Each structure stands twice: as C-alpha cells, then as structure tokens.
Amino acid sequence: MSRVYNFSAGPAVLPEAVLKEAQEEMMDYRGCGMSVMEMSHRSKMFDEIIQEAEADLRKLMNIPENYKVLFLQGGASLQFAMIPMNLMKNRVADYIVTGQWAKKAWQEAQKYGKANKIASSEDQTFSYIPDCSDLPISEDADYVYICENNTIYGTKYKKLPNTKGKLLVSDVSSCFLSEPVNVNDYGIIYGGVQKNIGPAGMVIAIVREDLITDDVLPFTPTMMKYKTHADAGSMYNTPNCYCIYMCGKVFKWIQSMGGLEGMKAHNEKKAAILYDYLDQSRLFRGTVVKEDRSLMNVPFVTGDKEMDARFVKAAEAAGFLNLKGHRTVGGMRASIYNAMPVEGVQKLVEFMKAFEEENR
C-alpha cells in the first residue's frame, strides 16, 4: 500500500526520510546489535543520542547558554500544572485564552493561585487573536501565559504580547520548529513533540536557568520540579528514549531543509496554496480572520454539516486522511505541519476543486 496524505493534528505526519532511516536502524543501531528501543538510557550510546539531539536543537533555535533544554514526559497537559507549581511565587498569573488548550491551562492554574484571564477570543469561537499591545497585566503577576498556535481553531500570534516586563510562558506545541523564534523573548517555551517533531509521548521545555530553583510551591512533587530534571540532564528517571532518538533525526532533517528559515519558507508556500484556494472557492471557506491565520492548522467549512461529512468521507476514500475538524468545532481541518510535502497540499486542493465542481 502506498502512503496516504495524513492531515492529522497529532500524532502527525513525519518526514519519510526519517522514517526510512529509523526503519534501517530498527533491529541494529549502528552495529550495536540492538534497537534504540532496547537500549539502556545509561549507556554510552544513548548518552551520545541525547547529547547530539540537544546540541542540534540548540543550533537550530539558537538557544542561549542560560537556557536549559529538558526532555520531559507527561505531554503538554502536564505543563499546565508544572508551570504554576514552579513559577507562581506570588500565586498570581495572567492568561490570554485563545483556544481550548490555553483555556485548559488557565483552568488548571486556578488550583495553585489567582489565574487572571486578561484577554480572550472566545466571544467569536476563537477565530482571531485579541489585541495584546496594551493588556491589563497584573502588577504582581509571576508570568503571562499564551498558547502561540491554536491547533483546533487555526490561529497564530504574529506578534508576541506586550507583557510589560513580565515573564512570558508559551506553549508552542503545534508550531514548534516551523519558523525562527527568539528564545530570549520567553521565560519558558515548550511544546509536545507529536505534531511537528516526533512520536507522541514527550514535551521539550526550554527554560531560563534563573527560573529553575528549589523555590517552588511547597506541595510540588519531585517529578514536577524543573530542577529535578535539569540537574539530572533529563535522566532523573528513564526518559522517552526512542522519542528523543526520533526527534534528533527530525532536527537533522530540518537542518537539511535549510534550518528554521528554510522551514518557514516551505510552510508559507504550502499554506498559501490552500488559503488562496479557500479565498476564491464558492463552496469552502476558512474560519479564521486573515491576519491571524496559522501556517500549521487550516480549519474550513462548507456551511452545511451534511456536505462537510460527505467531503470528509470522499477525501478519505481518495487517500486524504484525518481532515475531520475537532469535535468542538466540526467542519474540516488540514494540519500541514513541517513534514507535509508541498505536493500533499497541491493534491488536496485539486481534490477540493473537483469536489466543488461536482457539488455546486
């Protein structure tokens, strides 16, 4: 069977070159006679894998020396608790709610202190990013929190909020390594890897060193302290070894694509193909205001639920999988992450045009 075009929001498409390389090494990694899946995380061989992965990520993102790279388990959702446990010294934090994941993070933070919702786009089904140039930032806020790219709703911050000197914490799960970022703009920048970087089961958190202390909320479990993992080089317990290995391969693939500048150009090209079609289509329309559109997640609808369902079914039969929108919004969503080839988006648009002709 030939490979399908997988538009899943996560776990998501991985580069074919990476999958083939992993396939070749599955039974015997570099002559050691075993798979990385079987390897001791304390072995010299695995130590080289994790060190190389971190070095490549640092190079890709130009991560300053005063930031630690942590390979953590528990998914991005565990960070919703870990962040306030480690950072809420004053028990106050400000949250900008632009989608379901930012909302969940805000709700979780309320267990640990006063979590203020200082801006939201929920009034219009999260279809835009609010103006963040002059927000009512709390004087005693420990940090300001955002989810930078909203997987479900297809919005993306094009400009970071004015935090008025407060620490910025950002969940970048669905735009991780899709374009250049300035790590210095953040106190913590983190994301689940299962959308743009590797298999499910891990988060990469890039944390400024001065935020990694023993001064955490008193009930914080040992495993929930950044210091525990930073001091142990992400090996306090057995890490997600195979995921780290796969992410390392994807970092090298991104380098081969021209780094984050090359990745951004690749992603802009794909997104333009789909958005340009949606803007002129008489059947389909995008759901996000133009200036806030994501390069990664493109939600669209026909305006008729039955037609939407018919399209999803026909698309699947034609080899375009996982186009059904999230259950909270319906419609369709094409997630066109780094590893989605340009050809995949071109073929999808061709299919959409043919479907439109048949159903006008």
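**Cysteines, a bent helix and a buried serine**

Okay, let's start with Cys-132: this one is buried, with a relative accessible area of 8%. Keep in mind that we're looking at a predicted model. So does Cys-132 have a partner, and which cysteine sulfur is closest? That would be the one in Cys-147, but the two sulfurs are 13 Å apart, which is too far for a bond. Cys-32 isn't in one either; the nearest cysteine sulfur belongs to Cys-241, and that's 13 Å away. Cys-32 is partly exposed, by the way, at a relative accessible area of 26%.

Next up, helix H3, which runs over residues 75–87. How far apart should its ends be? With 13 residues at 1.5 Å each, you'd expect a span of 18 Å, and the end C-alpha atoms sit 19 Å apart, so that agrees. There's a bend of about 30° at Ala-81, with a proline, Pro-84, following within four residues. H3 is also mostly covered, as 10 of its 13 residues are buried. Both Ala-81 and Pro-84 are among those buried residues, and so are Phe-80 and Met-82.

Last stop, Ser-294. You'll find this serine in the loop between strand S11 (285–286) and strand S12 (297–301).

Conventions
Residues are numbered from 1 along each chain as its sequence is written. This is a predicted model: local features need pLDDT of at least 70, side-chain atom pairs count only at pLDDT 80 or more; totals for chains, interfaces and linings use all residues. Side-chain values use heavy atoms; hydrogens and water are left out. Helices (H or I, at least four residues) and strands (E, at least two) are DSSP runs, numbered from the N terminus. The expected span of a helix is 1.5 Å times one less than its number of residues. The bend at a residue is the angle between axes fitted to the seven residues ending there and the seven starting there. Buried means under 20% relative accessible area, exposed over 50%, partly exposed in between (1.4 Å probe, protein chains only). A disulfide is a pair of cysteine sulfur atoms within 2.5 Å.
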